[in-house]
Amino acid sequence: MERLSIFDIYKIGVGPSSSHTLGPWKAANRFALGLVDKPVKSVQVNLYGSLSKTGVGHGTDVAVLLGLQSYKPEIIDTQKIDAYIARIKSEKTLRVAGHFIPFDPKSGIVFEKHSLPYHPNALSFKAEIEGDDPVEETYYSIGGGFITQGREKESLIHLNDLPHPIESGSELIAHTEMLNCSVSEVVLKNEQYLRTQHEIEAGIDQIYQTMLECVYQGCHSEGYLPGGLNVKKRAKAISDRLLGDRKYHNIQSWLDAIGNTPHTFSNINKWISCFALAVNEENASLGRVVTSPTNGAAGVIPAVILYHRCFGEYKSQDDIRRFILTSGEIGCIFKKRATISAAVGGCQAEIGVSSAMAAGALTEIQGGNPEQVLMAAEIAMEHHLGLTCDPIGGLVQIPCIERNTMGAIKAITASNLALESDPKSAIVNFDMVVKTMWDTAQDMHEKYKETAEGGLAFNLPVVLPNC
Ligand code: SF4
């Protein structure tokens with residue numbers, strides 16, 4: 001059984017895709033680390049399956065180049081990424097393990113037509129070494145920024161190490177009953193086994209701060225998204241219009257100003273959409289986002305948190321911490337029992353999971369009991385079942401950006417429904433919907449799994465240049 005932390009689900013990274021950008025980036029980091037002290041002559045990268053089909057649109061080529069140069073997605077200055085890539089292309093050299101080697105991205109990154117059997121997101125690296133055998137490694141990006149080399153034991157740490165091992169919704173509920181506590185309290189007890197209370201709080205606060213900065217940045221950026229689709233950014237215009245002449249001087253006073261706008265359904269609804277748009281416009285611009293549980297779906301959680309912060313009964317930072325703990329555990333269960341990879345399960349695995357995470361967490365901080373928390377998560381996922389992944393041009397823009405607004409709204413609706421319901425009379429339970437999502441993922445046609453060969457991507461075909 002797999003032991004996951006909420007910090008495996010929430011990761012600070014760079015857009016636009018956790019499986020196609022963050023995962024390959026980390027794979028390239030790991031490969032480059034293995035080359036330290038070796039006289040590297042050349043490097044070649046091969047992308048397979050979905051990484052090849054939608055890799056350019058998802059920034060996979062950019063990610064592997066930055067990863068091979070040992071830049072870290074958590075701390076890289078995102079404003080300099082374009083310049084770093086421009087240098088590689090113009091000088092045709094790559095700095096790997098401290099040495100500059102000749103490298104032309106056009107020939108050094110090979111987009112293979114086929115997939116490797118283990119997982120649709122595969123990439124391999126080969127380095128020629130002066131006077132020694134070449135070094136070759138294959139990695140699989142299995143969603144949400146997780147990578148594996150297919151050696152199962154490396155990623156499976158014993159779940160039973162934890163004081164309250166959780167692999168399903170029913171197990172989670174059993175722990176809350178045994179301890180007579182909330183979902184977030186059980187999750188916190190497991191996290192305390194892995195790190196100190198201070199580390200947990202600091203880690204969650206950093207996740208929240210990164211989300212805030214991302215929303216703020218997105219609401220203050222104009223222009224068009226990169227990639228060639230000519231998609232105009234909308235968050236700033238919406239934010240400016242809704243704020244009117246209200247003044248602010250930092251993120252906190254900006255949030256306070258938003259909270260002072262009318263609390264009508266229409267206004268709140270527009271702000272929720274605006275928050276989600278802001279994150280995903282940043283994501284599409286290779287900005288810094290929090291994977292939650294993926295980059296493509298990174299706007300749902302911040303939108304719902306800020307809905308609560310600006311328009312709900314927000315009390316303190318403790319609300320945010322309980323939200324992240326609860327939602328993180330729901331994401332962990334989907335990762336263990338189904339998938340959070342669109343290349344395996346379509347968009348139900350991204351937006352569907354993020355919506356379920358947000359719905360459950362919002363229910364907890366709105367006073368729902370553990371059964372209502374899972375009921376909300378169940379409702380949110382139930383109404384994303386079958387959602388396909390069909391990004392136009394392979395870019396994480398259309399339908400992805402707007403889809404986050406829908407995920408956020410569904411999460412809030414699901415939470416309110418659950419709060420008004422008796423979970424004991426529910427016909428469908430959380431574990432049933434997780435299983436159904438997984439069954440649906442396996443039945444879903446390949447073309448709807450992040451290949452840009454089905455759905456909107458098929459009806460609006462766009463050919464974008466390689467690298
Ligand atoms: S359609 Fe959904 S799963 Fe596919 S790239 Fe967009 S957000 Fe991700």
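Domain bounds in these legends come from an automatic or database domain assignment. The structure is a predicted model, in which local features need pLDDT of at least 70, side-chain atom pairs count only at pLDDT 80 or more, and totals for chains, interfaces and linings use all residues. Residue numbers start from 1 along each chain as its sequence is written.

**Figure 1. Contact between domain 1 and domain 2.** The chain is divided into domain 1, covering 16-154, and domain 2, covering 159-459. Their C-alpha centres lie 29 Å apart. Domain 1 gives 21 residues to the contact and domain 2 gives 28; two residues are in contact if their C-beta atoms, placed from the backbone, lie within 7 Å. On the side of domain 1 that touches domain 2, helix H2 (18-33) and helix H3 (49-53) each supply at least two residues. Helices are DSSP runs (H or I, at least four residues), numbered from the N terminus. H2 provides the largest share of this side of domain 1, with 4 residues. By class, the side of domain 1 that touches domain 2 holds 6 nonpolar, 14 polar and 1 charged residues. Ala, Val, Leu, Ile, Met, Phe, Trp, Tyr, Cys and Pro count as nonpolar, Asp, Glu, Lys and Arg as charged, and the others, Gly among them, as polar.

**Figure 2. Packing of helices H13 and H16.** The axes of H13 (residues 300-311) and H16 (residues 351-365) come within 9 Å and cross at roughly 25°. Axes are lines fitted to C-alpha atoms, for helices over the stretch in contact, and angles run from 0 to 180 degrees between N-to-C directions. H13 and H16 are therefore roughly parallel to each other, a term for angles under 35 degrees. Val-300, Ile-301, Val-304 and His-308 of H13 meet residues of H16 including Ile-351, Met-357 and Leu-362. The contact of H13 with H16 comprises 8 nonpolar, 3 polar and no charged residues.

**Figure 3. Packing of helices H8 and H14.** H8 (residues 183-194) and H14 (residues 317-337) pack at an angle of about 80°, with their axes 8 Å apart. H8 is therefore roughly perpendicular to H14, the term for angles of 65 to 115 degrees. Val-183, Ser-184, Val-187 and Leu-188 of H8 make the contact with Arg-322, Leu-325, Thr-326, Gly-328 and Glu-329 of H14.

Note on methods: Parallel < 35°, antiparallel > 145°, perpendicular 65-115°, else oblique.
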